Amino acid sequence: MIQIMNLSNPAPENDVVRLEILTAEHKPTVLATEVAESMWEWMPVMPTGTSLEAYMDHSLDLKGTDSFYPFYVVDKATGEFAGLAAFERVSRTHRRLEIGFVWHPENYRGTAVVPATQLALLERAQEARFRRISYFVPERNERAIRSFTKIGAQREGLIRNYMRTAGGSWANMVVLSLVGEEIKAAISVLRDRVRALQLA
């Protein structure tokens with residue numbers, strides 16, 4: 001039985017992925033992937049620097065708070081590293097959170113791992129009684145915006161010059177959200193998508 005408002009224990013999972021809370025032991029595996037190349041375009045500048053290692057250290061430091069839960073995604077079929085994701089800006093008082101820092105290795109894109117990761121996150125948020133799920137996506141990341149729109153996330157607006165990326169550019173951020181029954185509907189869409197990809 002999952003306790004009310006418990007976001008990381010036990011690990012969110014389904015039959016495709018398991019989302020382990022990020023630890024220092026995961027660093028060597030993550031640092032050996034091509035995520036470092038992707039971060040220059042989409043990752044924000046961290047107070048600790050602009051390297052992937054700085055991102056990892058910052059995430060591990062924030063993990064000790066109750067507003068940030070970084071996850072290391074495991075492909076259950078192979079046991080291999082399959083991505084990163086996080087619950088961030090968690091407000092238990094207002095039952096809202098953001099899903100961010102989502103990244104998957106190139107070989108997993110287009111597979112069931114990607115929607116299964118979102119499914120595990122949304123199911124845990126719903127089980128923990130959160131009522132608003134937000135996505136802040138760089139305006140230029142059209143693929144991510146389309147992906148979240150397809151599961152029913154509503155576009156709420158554009159925040160200009162909201163974030164400086166690791167590469168030095170300034171990003172406008174598109175705000176999307178799922179609220180109330182939209183979360184349940186998105187879970188249903190993702191379950192269907194995971195099943196379809198598993199059968200493909």
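Residues are numbered from 1 along each chain as its sequence is written, and side-chain values use heavy atoms, with hydrogens and water left out. Because the model is predicted, local features need pLDDT of at least 70 and side-chain atom pairs count only at pLDDT 80 or more, while totals for chains, interfaces and linings use all residues.

A salt bridge is taken as a side-chain nitrogen of Lys or Arg within 4 Å of a carboxyl oxygen of Asp or Glu. By this rule there are 12 salt bridges. One of them joins Arg-18 to Glu-20, with the closest N and O atoms 2.8 Å apart. Burial was assigned from relative accessible area (buried under 20%, exposed over 50%, partly exposed in between; 1.4 Å probe, protein chains only). On this scale Arg-18 is partly exposed at 25%, and Glu-20 is partly exposed at 22%.

Helices and strands are DSSP runs numbered from the N terminus (helices: H or I, at least four residues; strands: E, at least two). A salt bridge with an N to O distance of 3.3 Å connects Glu-53 and Lys-27. Glu-53 belongs to helix H3 (residues 52–62) and Lys-27 to helix H1 (residues 27–31), so this pair ties together parts that are 26 residues apart in sequence. Glu-53 is partly exposed, at 41% relative accessible area, whereas Lys-27 is buried, at 14%.

Within helix H4 (residues 113–127), Arg-124 and Glu-127 are 3 residues apart, a separation of about one helical turn. Their side chains form a salt bridge of 3.4 Å, N to O. Arg-124 is buried, with a relative accessible area of 4%, and Glu-127 is partly exposed, with 41%. Elsewhere, salt bridges with shared partners link Lys-27, Glu-53 and Asp-57 into one network.

Helix H4 contains 15 residues and spans 21 Å from its first C-alpha to its last, close to the 21 Å expected at 1.5 Å a residue. The expected span is 1.5 Å times one less than the number of residues in the helix. Of the 15 residues in H4, 12 are buried, and the helix is thus mostly covered. Among the buried residues are Val-113, Pro-115, Gln-118, Leu-122 and Glu-123. Just after H4, Arg-129 adopts a positive phi of about 70 degrees.

Nonpolar cores were defined as sets of buried Ala, Val, Leu, Ile, Met, Phe, Trp, Tyr and Cys residues joined through side-chain atoms within 4.5 Å. The largest such core has 40 residues, of which Phe-87, Leu-97, Leu-122, Ile-133, Tyr-135 and Leu-178 touch the most other members. H4 supplies the largest share of this core, with 7 residues. A separate core of 17 residues includes Val-30, Met-46, Leu-60 and Phe-68.

Contacts (heavy atoms within 4.5 Å) were also listed for individual residues. Setting aside residues up to four places away in sequence, Leu-122 touches Ile-99, Ile-133, Tyr-135, Ile-151, Leu-178, Ile-183, Ala-186, Ile-187 and Leu-190.

Ser-91 is located in strand E3 (residues 81–91). Ser-91 is buried, with 14% relative accessible area. Apart from neighbours within four places in sequence, Ser-91 contacts Arg-96 and Phe-130.
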